[in-house]
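Here's a quick briefing for anyone opening this structure for the first time. Have a look at the sequence and the model, then read on.

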Amino acid sequence: MRRTGYLHLYGLNLVFDRVGRGPGVVLLAEEAEVWPEVLPQGFTFYLLDLPGYGRTGGPSMAPEELAEYVVGFLVMLNLGSPPILVRGIGEAVGEVLRDRGYRVFSGDALDEGLKRAVNMD
């Protein structure tokens, strides 16, 4: 079951869904709805609606600006540095995060990306 959360960050209400139980994994695309409704078990997935997309709203932003929201989200929820799987707009944001040392993987094939992310730990 998806549970919706809200985090007031840098003047916007960042909307996200949380699904499952287990080690944290961030699924990053323009909005949470990009990801399938049924996700693999054994993980807690965090699915963000980036600023300017979905339920979060706000202005359009460059990938570098969007990455700041993702980093702020990780810090505020005390998630440390979980694997981040990316799709769509999330791919550009993921490149910025990868340059900053975060573990970013393709989420186009969710099961394969998740296996790569878990094997890297």
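Let's start with Phe 43: it is buried, with a relative accessible area of 16%, where buried means under 20% relative accessible area, exposed over 50% and partly exposed in between (1.4 Å probe, protein chains only). What you're looking at is a predicted model, in which local features need pLDDT of at least 70, side-chain atom pairs count only at pLDDT 80 or more, and totals for chains, interfaces and linings use all residues. Residues are numbered from 1 along each chain as its sequence is written, and side-chain values use heavy atoms, with hydrogens and water left out.

**Aromatic rings**

- Phe 43 pairs up with Phe 45: the centres are 5.8 Å apart and the planes 50° apart, a tilted pair.
- As for the cut-offs, rings of Phe, Tyr and Trp (its six-membered ring) pair if their centres lie within 6.5 Å; planes under 30 degrees apart count as stacked, over 60 as edge-to-face and the rest as tilted.
- Phe 45 is buried too, with a relative accessible area of 0%.
- Another pair is Tyr 46 with Phe 73, with centres 6.1 Å apart and planes at 70°, so this one is edge-to-face.
- That pair ties together distant parts of the chain, since Tyr 46 sits in strand β4 and Phe 73 in helix α1, 27 residues apart.
- Tyr 46 and Phe 73 are both buried, and together with Phe 16 they make one aromatic cluster.
- In total, the structure has 4 aromatic pairs.

**The whole chain**

- The protein chain has 3 helices and 6 strands; helices (H or I, at least four residues) and strands (E, at least two) are DSSP runs, numbered from the N terminus.
- Read from the N terminus, the order of elements is β-β-β-β-α-β-α-β-α.
- The radius of gyration is 13 Å, close to the 14 Å that the globule rule gives for 121 residues, so the chain is as compact as a globular protein of that length.
- That radius is taken over C-alpha atoms, and the globule rule is 2.2 Å times the number of residues to the power 0.38.
- Along its principal axes, the C-alpha trace spans about 35 × 30 × 25 Å.
- Of the 121 residues, 46% are buried.
- Take the contacts with a separation of 6 or more: residues 24 or more positions apart account for 50% of them, with contact meaning heavy atoms within 4.5 Å.

**Helix α1**

- Which residues of α1 are buried? They are Leu 66, Ala 67, Tyr 69, Val 70, Val 71, Gly 72, Phe 73 and Leu 74.
- These buried residues pack against β1 (3–9), β2 (12–20), β3, β4 (44–49), β5 and α2.
- The length checks out: at 1.5 Å a residue, the 14 residues of α1 should span 20 Å, and the end C-alpha atoms are 20 Å apart, which agrees.
- The expected span here is 1.5 Å times one less than the number of residues in the helix.

**Helix α2**

- In α2 (residues 89–99), the buried residues are Gly 90, Val 93, Gly 94, Val 96 and Leu 97.
- They cover an arc of only 160° around the axis, which puts them on the same side of α2; the arc is that of the directions from the helix axis to the C-beta atoms.
- Their packing partners are β3 (24–28), α1 (63–76), β5 (84–86) and β6 (104–106).
- Just after α2 comes Gly 101, with a positive phi of about 100°.

**Loops to look at**

- Tyr 10 isn't a glycine, yet its phi is positive, about 50°.
- You'll find Tyr 10 in the loop between β1 and β2, where it counts as exposed at 53% relative accessibility.
- Asn 78 isn't a glycine either, and has a positive phi of about 55°.
- Asn 78 lies in the loop between α1 and β5, and is exposed with a relative accessible area of 68%.
- Where is Gly 58? Look in the loop between β4 and α1; at 44% relative accessibility, Gly 58 counts as partly exposed.
- Leaving aside neighbours within four places in sequence, Gly 58 is in contact with Leu 12 and Gly 52.
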